[in-house]
Amino acid sequence: SIHDRQREAGVLGSVGVIYVHSKSFEEAADTLRRVLELNRELGNKREEALALNNLSLALKELGDVDPALSSSRRSLKLAQQTHFEALSVTATGTVAEAHIAKGDYATATRYLRKYLSTARERHSKRDETWALILSGEVDFRREHYASAVDLIAQAFEIAREVGLRAEMANCHELLARVFEQQGDLN
C-alpha cells in the first residue's frame, strides 16, 4: 500500500523464508519468484542472489530438482560477483543440496568440501554444522554408515555448543534414519 517496491521485495523475501521454514513450499516458491522479479527490476543483485538461493531450497523440496540446481548455481555466481561473502558460503551448500537431491553425490561432495572449508574460514558455525549434516546425508545415501554417524556427531556437537536447536533436531533425525537402515532400533 505504500508503493515502495524495495520494501515490498524485502517483506516478501521474509515471507518466502517463513514459508520455507513452515514447509509451505508452493507458497514459498510463488512468493520468492515475485521477490526475484522485483529485485531484478530494481537491479539489486545481492537480493536477487538471496532470493535465488531461497527459491532453490523451495524448489528442491517440491521435487523440481533441475530448476533448484539452476537457481542455486545462479545464486552462487551472483553472490560471488557481488562479493556477498556470507551468501557465497551458504549458496555453496545449497548447490550441494541440489546435487544430493539429484543423486549426484560426487559433485555434491566437491561442493560440500568447499562449503565446509569456507564455513570454517569464516567461523560460521551454522554453515559448518550444515556442511557436516549434508556430508553425513551423502555418506548415509552411499551406505557409508560409520562415516555418516561420525559426521553427524561432529555436527551435533557444534550445534549443541552454539545452541542451534533446529540443527540438533536434524542430526537426531538423520541418526535415526542411519540406525534404522542398519537395523539398530535400540
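Helices here are DSSP runs of H or I with at least four residues, numbered from the N terminus. Please keep in mind that this is a predicted model, where local features need pLDDT of at least 70, side-chain atom pairs count only at pLDDT 80 or more, and totals for chains, interfaces and linings use all residues. Residues are numbered from 1 along each chain as its sequence is written, and side-chain values use heavy atoms, leaving out hydrogens and water.

Now to the side chains of the helix. Buried residues (under 20% relative accessible area with a 1.4 Å probe, protein chains only) in α4 are Val65, Ala68, Leu69, Ser71, Ser72, Ser75, Leu76, Leu78 and Ala79. Their cover includes α3 (45-61), α5 (85-102) and α6 (105-121), with contact meaning heavy atoms within 4.5 Å. Just after α4, His83 takes a positive phi of about 60°.

One of those covering helices, α6, is worth a visit too. α6 has 17 residues and reaches 24 Å from its first C-alpha to its last, close to the 24 Å expected. Its buried residues are Thr107, Ala108, Thr109, Leu112, Tyr115, Leu116, Thr118 and Ala119, and they pack against α5 and α7. Just after α6, His123 takes a positive phi of about 60°.

Key:
Buried means under 20% relative accessible area, exposed over 50%, partly exposed in between (1.4 Å probe, protein chains only). Helices (H or I, at least four residues) and strands (E, at least two) are DSSP runs, numbered from the N terminus. The expected span of a helix is 1.5 Å times one less than its number of residues.
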